Amino acid sequence: MDDISLIQHAQRHHHLVVRELGEEIDLEIGPGDDDPAFSSTPLISGPTREPSAEEHDESKQMAMVSQLSSEDQDLSKSHSGKRKKKVVKRWREEWADTYKWAYVDVKEGTARIFCSVCREYGRKHRRNPYGNEGSRNMQMSALEEHNNSLLHKEALRLQMASKDKIIVDKPIFVKALMSKTAGTIVEAAVKRDPHEFEFIQCAQEVVHALERVIAKNSHYVNMMERLLEPERMIVFRVPWVDDRGETHVNRGFRVQFNQTLGPCRGGLRFHPLMNLSIAKFLGFQQTLKCALSPYKLGGAAGGSDFDPKGKSDCEVMRFCQSFINELYRYLGPDKDLPSEEMGVGAREMGYMFGQYRRLASHVQGSFTGPRIIWSGTSLRTEATGYGLVFFAQLVLAEMNKELKGLRCGVSGCGKIAMHVLEKLLAFGAIPITVSDAKGYLVDEDGFDYMKIQFLRDIKAQNRSLREYSKTYARSKYYDEVKPWTERCDVAFPCASQNEIDQSDAINLVNSGCRILVEGSNMPCTPEAVDVLRKANVLIAPAIAAGAGGVAAGELELINWSPEEFESKLQEAMKQTYQRALKAATDFGYQKESPEALVHGAAISAFLSIASGMSDQGCV
């Protein structure tokens, strides 16, 4: 049976009534013997209800398709009301995207996670048509077991290969805004782009931070509405050929969000989940980041849903060249210069710059990247991570404290996270955690320079962080969890957007965290921000704390020595911090307020952009 036939078979035997996430949904019941290994492991529960007439008919049809015996059919009908349950859908984001292939079913009063391909769960996965052996760790919950099973990964592969994908409405968390005027700005953004969840979340946070500015001058309402619409959005096809000669097609994005203050600067992200909404949210954040920095520039972002992991150098080169073949006409030193982001490193930037140079027939300006031979300073990659630590030191200095001796939790294990660890050690702090997509690593003794180099070697060889714990006895790797339960004084989330949800924020508060320095763009969900705010956890926003990368993009035009570069970077971060703090106090926020920097950074950046937009007219 081929993949498409399996998909169609699963669809015929499984029906799901979809509503908005967070609401209660009805799930059809599918066949499958209960596994006694999980008989006492309830996952999701909720009040029962009587099925509707339509649902009852569907249940009858499913009983016929499953070809139960007449006795089993009668039993199924008699207990159909008991087998129906209202299940509250509280999936993780990646789970919500794949619920078509893995669903919740109720078996003898207990909710179980089933796979739509094999119609089984837990160790029953051995009976799937692909012959996988299921999960190895029987101590895990059924949900975690399903997520880590080989069968579920196969179901994910089928979903990615299928053209018949489901688009699920994700929840849009709407903050209670103080003024109706600010609310109308958010409502207009939601009405225009209702499915761009990341961008709407970002816009809502900025509008919330600007409420006092908007209330003070109604002229800024129109400015904000104009600012929320990007100047240019480029979406294009990227065809490329793999090493086997097969053709693939990905989608490329570049959002030149705003060039009021100067030519665009911003990252390129290569990741399977990349889409226009993420490109817009990153471009908007970059616009504010550039406006707040001492170097007045415009903001942009982009990338592709291409996944460089597991690809050969030749495949990555062919993709990058095809990507630039379309994008190069929009790039240039006076237009837009891209930089690194998630999934884009020295290899990818080198291939893209080489193709750009070939097509443009000049080497004026450069892409911002780590190679000194074609991109300026060799400290480009360190700038963002170092800048985060410099900013944290400035925040602590305002409290008459310092980083020395403080326990610091760090998420991620990419370039930014590694350089945060490195600079934290230089300041005498004790970094204790790093994480990847599968879990996190904690070292109670703290990382030192030798351990950080070992971590770099592990990631360079695409090995798991679990290998670290085999070498250092005082360390431990935890599967499928985040590092925010570990005791820490300062947190540096450096992984991805929305990595800290409400439960993670509660864990951070209970772990003693008092300062959160945003290394990734928008790392906290709105619910998490509310928890941190109520607990008086000071948040250093990414548009201020992450401005080191913007500064490096300008500083790298001159080949500074490492000492000179670091001094210039520290000065740029100090100016950024002072501008954010001054804007906050000018609009009535106390320096001691945990939200002072969040409001001040957004206010200072917006006022700079709004002033330029006003001078330049309606363009």
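**Close-up views of a predicted model**

**View 1. The hairpin of S12 and S13.** In this predicted model, two residues separate strands S12 and S13, which together form a hairpin. S12 (residues 433–436) and S13 run antiparallel and are joined by four bridges. Ser 435 has Tyr 440 in S13 as its bridge partner.

**View 2. Strand S13 and its surroundings.** On its other pairing, S13 is joined by five bridges to strand S14 (residues 475–479), and the two run antiparallel. Leu 441 lies opposite Tyr 477 in S14. Five of the five residues of S13 (residues 439–443) are buried, so the strand is largely enclosed by the rest of the structure. Both faces are covered: Gly 439, Leu 441 and Asp 443 are buried on one side, Tyr 440 and Val 442 on the other.

**View 3. An open five-stranded sheet.** The strand order is S5-S6-S8-S7-S9, and the pairing is mixed. Strands S5 (232–241) and S9 (336–340) are at the edges with a single partner strand each, so one side of each has no neighbour in the sheet. Neighbouring strands are turned by 25° against each other on average, direction ignored. Within the sheet, S7 (residues 264–270) and S8 (residues 298–304) run parallel and are joined by five bridges. Arg 265 stands opposite Gly 299 in S8.

**View 4. The largest nonpolar core.** This core has 97 residues, and Met 224, Phe 284 and Phe 492 have the most contacts inside it. Helix H25 (residues 596–616) contributes the largest share, 10 residues. Not counting residues up to four places away in sequence, Phe 284 touches residues including Phe 199, Met 224, Leu 228 and Phe 257. Another core, of 19 residues, lies apart from the largest one and includes Leu 268, Met 349, Met 352 and Tyr 356.

Definitions and conventions
Residues are numbered from 1 along each chain as its sequence is written. This is a predicted model: local features need pLDDT of at least 70, side-chain atom pairs count only at pLDDT 80 or more; totals for chains, interfaces and linings use all residues. Side-chain values use heavy atoms; hydrogens and water are left out. A nonpolar core is a set of buried Ala, Val, Leu, Ile, Met, Phe, Trp, Tyr and Cys residues joined through side-chain atoms within 4.5 Å. Buried means under 20% relative accessible area, exposed over 50%, partly exposed in between (1.4 Å probe, protein chains only). Contact means heavy atoms within 4.5 Å. Two strands pair if DSSP finds at least two bridges between them. Axes are lines fitted to C-alpha atoms, for helices over the stretch in contact, and angles run from 0 to 180 degrees between N-to-C directions.
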